[in-house]
Amino acid sequence: MGKYIYYYLQKNFLKQALKHSAKATVDSLRLPTIKNMPITFPILSEQEKIANFLSKVDNKISMIKEQLTNMEDFKKGLLQQMFI
């Protein structure tokens, strides 16, 4: 359930917070806005499926970012060797 809430808030929190932001020189967020934020809860098994799927996607994104960084480093190394 915790991961589901994490992903739900990651997607919806900013939109909800800005909708109820107290306008001043700087936007501020009040506790009632957080306490009264509606959260949709499917059944627990569905929450687990959603959270597990999104965790796998996050892991895949991290792996691809790491591969990209490695390839960029490899390219830099090749370019340095070419122009020495």
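Visitor: Where in the structure is F41 placed?

Guide: The structure is a predicted model. Within it, F41 lies in the loop that runs between helix 2 (31–35) and helix 3.

Visitor: Is F41 buried, partly exposed or exposed?

Guide: Residues count as buried under 20% relative accessible area and as exposed over 50%, with partly exposed in between. F41 has a relative accessibility of 41%, so it counts as partly exposed. Together with M1 and L44, F41 makes a nonpolar surface patch of about 310 Å².

Visitor: How is a pair of aromatic rings described?

Guide: The description uses the distance of the centres and the angle of the planes. A search of the whole structure finds three aromatic pairs. One of them joins Y6 and Y7, with 5.1 Å from centre to centre and 70 degrees between the planes, an edge-to-face arrangement.

Visitor: Why do Y6 and Y7 fall into their accessibility classes?

Guide: Y6 counts as partly exposed because its relative accessibility is 47%. Y7 has a relative accessible area of 11% and is therefore buried.

Visitor: Which residues do ring pairs link into a cluster?

Guide: The cluster consists of Y4, Y8 and F41.

Visitor: What span does helix 3 reach, and which of its residues are buried?

Guide: Helix 3 covers residues 44–82, which is 39 residues. From its first C-alpha to its last it reaches 57 Å, close to the 57 Å expected at 1.5 Å a residue. Its buried residues are Q47, A51 and S55, and what covers them includes helix 1 (2–19).

Note on methods:
Residues are numbered from 1 along each chain as its sequence is written. This is a predicted model: local features need pLDDT of at least 70, side-chain atom pairs count only at pLDDT 80 or more; totals for chains, interfaces and linings use all residues. Side-chain values use heavy atoms; hydrogens and water are left out. Helices (H or I, at least four residues) and strands (E, at least two) are DSSP runs, numbered from the N terminus. The expected span of a helix is 1.5 Å times one less than its number of residues. Buried means under 20% relative accessible area, exposed over 50%, partly exposed in between (1.4 Å probe, protein chains only). Contact means heavy atoms within 4.5 Å. Patches are made of residues with over 30% relative accessible area and no salt bridge: like charges are joined within 9 Å, nonpolar side chains (Val, Leu, Ile, Met, Phe, Trp, Tyr) within 5 Å. Accessible areas come from the Shrake-Rupley method with a 1.4 Å probe; for residues, only the protein chains shown count as cover. A salt bridge is a side-chain nitrogen of Lys or Arg within 4 Å of a carboxyl oxygen of Asp or Glu. Rings of Phe, Tyr and Trp (its six-membered ring) pair if their centres lie within 6.5 Å; planes under 30 degrees apart count as stacked, over 60 as edge-to-face and the rest as tilted.
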